[in-house]
Amino acid sequence: MACESALPAIMDEQALMGLNTNADACYRQRALAYFEQLKESLDGWEVCAEALAKGVYSDDHVKFFCFQVLEHQIKFRHGTLAAAQQQLIRETLMKWLQAQLMNVHPEKPFIRNKAAQVLALTFVMEYLTLWPKFFFDILNLVGLNLNGVDIYLRTLMAVDAEVVDRDILHSPEETRRNILIKDTMREQCIPALVESWFQILQTYQHTHSELTCQCLEVVGAYVSWIDLNLIANDRFVNLLLSHMSMEELREEACDCLFEIVNKGMEPVDKTKLVESLCQVLQSAGFFNIEQEEDVDFLAKFSRLVNGMGQSLVLSWTKLSKTGDAKVSAETLRAVEGKVPLMLQLLIHEDDDISANIVGFCYDYLHVLKQLPALSEQQKSNVEAIMLAVMNKLKYDDEYNFENEGEDEAMFVEYRKQLKMLLDRLAQVSPELLLEAVHRVFSATMQNWQTVQFMEVEVAIRLLYMLGEALPASHGAHFSGDTTKTSTLQSMMRTLISCGVSEYQHSSVTLEFFETVVRYDKFFLVEPQHIPSVLMAFLDHRGLRHSSPKVRSRVAYLFSRFIKTLHKHMNAFIEDILSRIQDLLELAPPENGFPAPLSSDDQLFMFETAGVLIVNGESPAERKQALMRSLLTPLMEAFRMLLAKLPQEAGEERQAVLADCLSHAVGFARINRLAARDTCALINKHTTILTDLRRRSECACANQVSPFLQEIFMPLVMAIFEVLSRPAEENDQTAALEKQMLRRSYFSFIQTIASSGMNEVMASQGAENIERVLFTIIQGAVDFPDPIAQKTCFIILSRLVELWGGKDGLVGFPDFIYKHIVPACFMAPLKPTFDLSDAQTVLTLSECTLTLHMIHLKRGPECIQFLQEYLPSLQVSAEITQELCQVLQQPDVKVLKNYMKVFFQQARL
């Protein structure tokens, strides 16, 4: 609430001491309290205004503080200020600005930026009504004064952020206001502003490059919505081109020209603008990029050329739709005229320069795709782009494969852009692409022993990329078009037989296995190659590779390979299981020596083993024996490690054991035959947690909670996978197993929620929490199992109690109204909800308690929601009001009896 009495006419000096970054905590606290006091006071801000106008304080933090207080008044209270107070704000800002003109040393940048923000806020609030001469007053005051121009330009950028910037969300009212401000500015002051920019650029271009760049940035920001003729004229363009030759200005001038080219225009006018600009740039020698050594400038120039090229393509697209063949053809010639420059930039050794032209290149290929036939020159252009892409895909010597940082991440993103070009090339000329890749691949594989790793890697990579670039239904690259299939088969045969899998570089090794799995359907056509590839997976080239990164990826790829080709694995099953047996051992790393595979990687190995066993042609008894040999050591290790967990004192060692235990539950992923074991494992956890809750062993619970946080989602995902697997319609055993697994899962969640360890769920991230919550809603409503439904409503009630209040989990109140409340009504209204069954009546009781808990936590808000929601279920206004009144009664027993009658009547 605002204070009624005015604050003292002087500021609290001791409170201001707390603004210093080195101040004690008590002083900082006092400063914060004082700041809030000034904000809430009706006239306390006037003390700050006076301090700014008179330059009372020299301390930068105090000045910034004063501007913050002033900013708060303008942003939140401007409409309630008296006319005299609004006038005081205007006078304060102008006096402060005037003082800057005299300063020998300008204010720190953060002070100037804050002042510009406050000036821009005032402009937005008052320009249309109280201060229409805002910019004229500032221009008349600052003239070409260096300090004044700096504040003026910063203010213009702050106005752009408030009024124009599309990245900032505005309310509909603010949007309408901003449109009106821009319209009024166009009519009243934009020509004067443009003239001031020209004068600033001309005055300071040789003496103050930083200020000139600031002005160029302003021009670039405003050109998108002002009359382009004010900028795109000989006087202004010549000035900008002169800046392109000045080392300190050229990059900002490039950006400014880019914004001019990017402005929305009619296609014919845009083509003329771009062509005239290109002619001037070419005449000035800017197209001779091989003579340019400044890569930062070339990156900006490449972006400018990209903008010009894309603008021409857009013009051509629009003109080709209008049917004006002559003008359309002229525009296409203009596009073609930029291709040689585009190719030079695309092939440039600096990836930033190359990346900035990819957009134009992509759009040009899209144009070619739409043409009925390609000219010889266009075919030559396609081939040149293809060769450029193949060359630029290569790693360089400096790429750090073992410790990938920002530079490596940027190259990976750049490769993704090049892949888009390759995909587009395949659409324009698939035959040419296939031929080119075949040529490069074959030449490289013939001499792979003597070729650098980047050449070998990119040759295999190109084969891999063809898998997505060339169309094929469900990966069926080896059926249909014989030209394509025979070429791909030939390359795959070469890949497997030439020995390149032995190449001693991790990038080549990984690309080999990625490509083998991408074209796994090849082995359905030529299964004779399966044994040699299996050996590559299983020996030093794959799962036994010296690089942990390679081993990790190969574990996943091997799983995929086996899944696809399991019907061809019968002869190799026991040999494979024997070779991977040591990789399935559940053991935490000892003495700092890591295991060959991480826990997550081992999950893929268990999955692989399960797929081999379940899908093999062995008799059922043999399958069971193999499964027991797989799972028994795991369960024994799990019991041993679980017993050791409470005995470990160190957190790091506990975390290691927790990771190892989380891996143990992953075996549930391997197949449906393990469903019973999964139930047993979940029940094991549930028993432990229940025992903890009963005995209140807090110390031990604190140890188990981090472990549960680790294993929670792997366990849940394992359960989801088992439950999602289809079963035969009449397989009662499978249906019963799933029902028991589902019940065990809900009991597990209930015990976690009821054991004071709700952080186990809360720590899983919003997306995972939502997935789990939806399974609980589904269990409460969709499955006709009253035991599971009862458990689900107990969980929901507990979660509402934990997270449904004001300080609960973010977003959970929305979930209550969107899902939990509807579940409380939809479940009992289901035809399968038998109110004559004792278990179902207990479920209804828990459902009612959930509603009761929602009302306890949300209060009148809950009642209001029900009054809106229940009519959508065809519940009359009288019954709705009656139910809401009963819900507000303190006696829960009354509510339970009422809800039973309510649903009995609702189903008549």
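Contact here means heavy atoms within 4.5 Å. With that, I looked up the contacts in the chain between residues at least 6 apart in sequence: 72% join residues at least 24 apart.

Ground rules for my notes: this is a predicted model, where local features need pLDDT of at least 70, side-chain atom pairs count only at pLDDT 80 or more, and totals for chains, interfaces and linings use all residues. Residues are numbered from 1 along each chain as its sequence is written, and side-chain values use heavy atoms, with hydrogens and water left out.

**Whole chain.** I got 43 helices and zero strands (DSSP runs numbered from the N terminus: H or I of at least four residues for helices, E of at least two for strands). Of the 908 residues, 51% count as buried, meaning under 20% relative accessible area with a 1.4 Å probe, protein chains only.

**α17 and α19.** I checked helix α17 (residues 339-346) against helix α19 (residues 358-370): their axes come within 10 Å and cross at roughly 130°. Axes are lines fitted to C-alpha atoms over the stretch in contact, and angles run from 0 to 180 degrees between N-to-C directions. The pair is therefore oblique (angles under 35 degrees are roughly parallel, over 145 roughly antiparallel, 65 to 115 roughly perpendicular, the rest oblique). Val339, Met342 and Leu346 of α17 meet Val358, Phe360, Cys361 and Tyr364 of α19.

**α22 and α24.** Next I took helix α22 (residues 430-446) and helix α24 (residues 482-497), whose axes come within 11 Å and cross at roughly 20°. That makes α22 and α24 roughly parallel to each other. On α22 I noted contact residues including His438 and Phe441, and on α24 Lys484 and Met491 among them.

Key
Buried means under 20% relative accessible area, exposed over 50%, partly exposed in between (1.4 Å probe, protein chains only).
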